[in-house]
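Hi everyone, thanks for coming. Please have a look at the model on the screen, and I'll walk you through how its inside is put together.

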Amino acid sequence: AHYVLGCAYRDMGDAPRALQCYQDAVEQADTTRSDCDLSTLMRVHSQMNALYRIQGLTDYNLKEAKIAEQLAWKLSDTLSALLLKQNICNTLFVAGDYDACIDSTLSLYQQYLHSSHKRKGVLVLAFLIKSYLKKHSYSEAKRYIDLYSSTFQDIKDYRDVNGGYGPINIYKGHYYLGIGQLDSAEYYYRVALPYKHLSTNAILTYKGLVDVYSLLHQSDSVTKYTALYCE
């Protein structure tokens, strides 16, 4: 009951009351009992994780995600456990802890490969690519860009992937920008443009083009894509 009420407050946009209800729900769970409702408890911690993530409270976010992941493993809910760990990888990346993100993602990737969800596992390599790009480790980034790209050969509908084909081309653009091959960077950012309506593709693509044209000293294009980026 506390969990359901918390979800209602969540949907009403009242995060403090939602979190209080989720805390009340946790207090009702006796994990020492064999009949403890671990499934609902996992959902409670997962919802708390989501709210803390929205508020940018990284430490609390990680704590709740790890608890939810442990409960998912206890329930033999492999996919939920892997998705929760994937959330942890994303949180580490957003927090700028790229080394920890890389370690966590490599571990997650291996777990995906040993599960029945191998296809999803390859897609988490995006965290490795983004982290290595942030660290300017371009050879490592290129290695995983190539591996990531190979998965798209079997994907017939771009809507089956978050962001469509946009992200992989944006990563390629970032890579070539990083190594100073501006023509190639511009090419891949433009290939990503048809998918600008998906996910965060637009802001990343426009920012990439601004960087390219700034280095090429093409002021008109810088002005154009800066305006689009700001919009």
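Let's start at Tyr 171, which touches Ala 126, Ile 129, Lys 130, Leu 133, Ile 145 and Tyr 148, leaving aside residues up to four places away in sequence; contact here is heavy atoms within 4.5 Å. This is a predicted model, where local features need pLDDT of at least 70 and side-chain atom pairs count only at pLDDT 80 or more, while totals for chains, interfaces and linings use all residues. Residues are numbered from 1 along each chain as its sequence is written, and side-chain values use heavy atoms, with hydrogens and water left out.

Now, which residues touch the most other members of the largest nonpolar core? Of its 44 residues, they are Leu 125, Ile 129, Tyr 148, Tyr 171 and Tyr 189. A nonpolar core is a set of buried Ala, Val, Leu, Ile, Met, Phe, Trp, Tyr and Cys residues joined through side-chain atoms within 4.5 Å, and buried means under 20% relative accessible area, exposed over 50%, partly exposed in between (1.4 Å probe, protein chains only). The largest share of this core, seven residues, comes from helix H8; helices (H or I, at least four residues) are DSSP runs, numbered from the N terminus.

Apart from that core lies another one, of 13 residues, including Leu 51 and Tyr 52. Both of those are among the buried residues of H3, which pack against helix H1, helix H2, H4 and H5. Just after H3, Gly 56 takes a positive phi of about 75°.

Last stop: Ile 203 sits in helix H12 and is partly exposed, at 42% relative accessible area. Thanks, everyone!

Notes
Helices (H or I, at least four residues) and strands (E, at least two) are DSSP runs, numbered from the N terminus.
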